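Subject: Handover of a structure, with notes on its charged residues

Hello,

I am passing this structure on to you. Please open it first, then read the notes below.

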Amino acid sequence: PGGASRPQRLEYAPVRRACAAGAMSVAYNDVSEMVPEVLKLVEEHGDRVRLVVKANNGRGHITVRATDDVVCLKTKTTQYRDVGRMETMLALTMAQMCNLSPEEVKEQAEEHKRRQGGGASRAARRRAGGRKR
């Protein structure tokens, strides 16, 4: 009585989980198995699809998840060779979300590589008489 009143308890919206509660979750062991399914998901529900990439340096793995709150596709890898496949999958998915064809994406990537002056490996530069260490 007469003291400070307690603040009113706030109601927070429920936190969205990694995959929605009713979502059908599919885990893939191989990234290349997941690519066509993600592209199909984006083609069907492109305006609702979310892509999440997480890197856990402590455990040394990368996780990729694609969901539209009905279907949740995910994969996890510790292999370096899968990183390139994940990169390709994400580039194709982003291109599809932007209504670009895979050919247009490849052309843009090659043009970017030309502008950056990259493309030749260290061994190729050495064979061509480039700088040696």
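First, the ground rules. This is a predicted model, in which local features need pLDDT of at least 70, side-chain atom pairs count only at pLDDT 80 or more, and totals for chains, interfaces and linings use all residues. Residues are numbered from 1 along each chain as its sequence is written, and side-chain values use heavy atoms, with hydrogens and water left out.

**Salt bridges**

The structure holds 7 salt bridges. The term means a side-chain nitrogen of Lys or Arg within 4 Å of a carboxyl oxygen of Asp or Glu.

Arg85 pairs with Asp30; their closest N and O atoms are 3.7 Å apart. This pair links distant parts of the chain, 55 residues apart. Arg85 sits in helix H2 (residues 81–97), while Asp30 is in the loop between strand E1 (24–28) and helix H1 (31–45). Helices and strands here are DSSP runs, numbered from the N terminus (helices: H or I, at least four residues; strands: E, at least two). Arg85 is partly exposed at 35% relative accessibility. Asp30 is partly exposed too, at 24%. For these classes, buried means under 20% relative accessible area, exposed means over 50%, and partly exposed lies in between (1.4 Å probe, protein chains only). Both residues also belong to a network of salt bridges that links Asp30, Arg81, Asp82 and Arg85.

Glu37 and Lys40 form another salt bridge, at 3.6 Å from N to O. Both lie in helix H1, 3 residues apart, about one turn of the helix. Glu37 is partly exposed, with a relative accessible area of 30%. Lys40 is partly exposed at 42%.

Asp68 bridges to Arg48, with the closest N and O atoms 3.5 Å apart. Asp68 lies in the loop between strand E3 (61–67) and strand E4 (71–77), and Arg48 in the loop between H1 and strand E2 (50–56), so the pair ties together parts that are 20 residues apart in sequence. Arg48 is partly exposed, at 41% relative accessibility.

Is Asp68 buried or exposed? Asp68 is buried, because its relative accessible area is 4%. Its side chain also reaches the backbone nitrogen of Val71 at 2.8 Å.

Asp69 is in the loop between E3 and E4 as well. Its phi is near 70°, a positive value in a residue other than glycine. Asp69 is partly exposed, at 26% relative accessible area.

Asn99 lies in the loop between H2 and H3. At 70% relative accessibility, Asn99 counts as exposed.

**A negative patch**

Which residues form the negative surface patch? They are Glu103, Glu104, Glu107 and Glu110. Patches are made of residues with over 30% relative accessible area and no salt bridge; like charges are joined within 9 Å, and nonpolar side chains (Val, Leu, Ile, Met, Phe, Trp, Tyr) within 5 Å. Glu104 is found in helix H3 (residues 102–116). Glu104 is partly exposed, with a relative accessible area of 35%.

Best wishes

Note on methods:
Accessible areas come from the Shrake-Rupley method with a 1.4 Å probe; for residues, only the protein chains shown count as cover. Lys and Arg count as positive and Asp and Glu as negative; His and the chain ends are not counted. The place of a charge is taken as NZ of Lys, CZ of Arg, CG of Asp or CD of Glu. A polar contact is a pair of N or O atoms within 3.5 Å; within protein, one must be able to donate a hydrogen and the other to accept it, and residues adjacent in sequence count only if both atoms are side-chain atoms.
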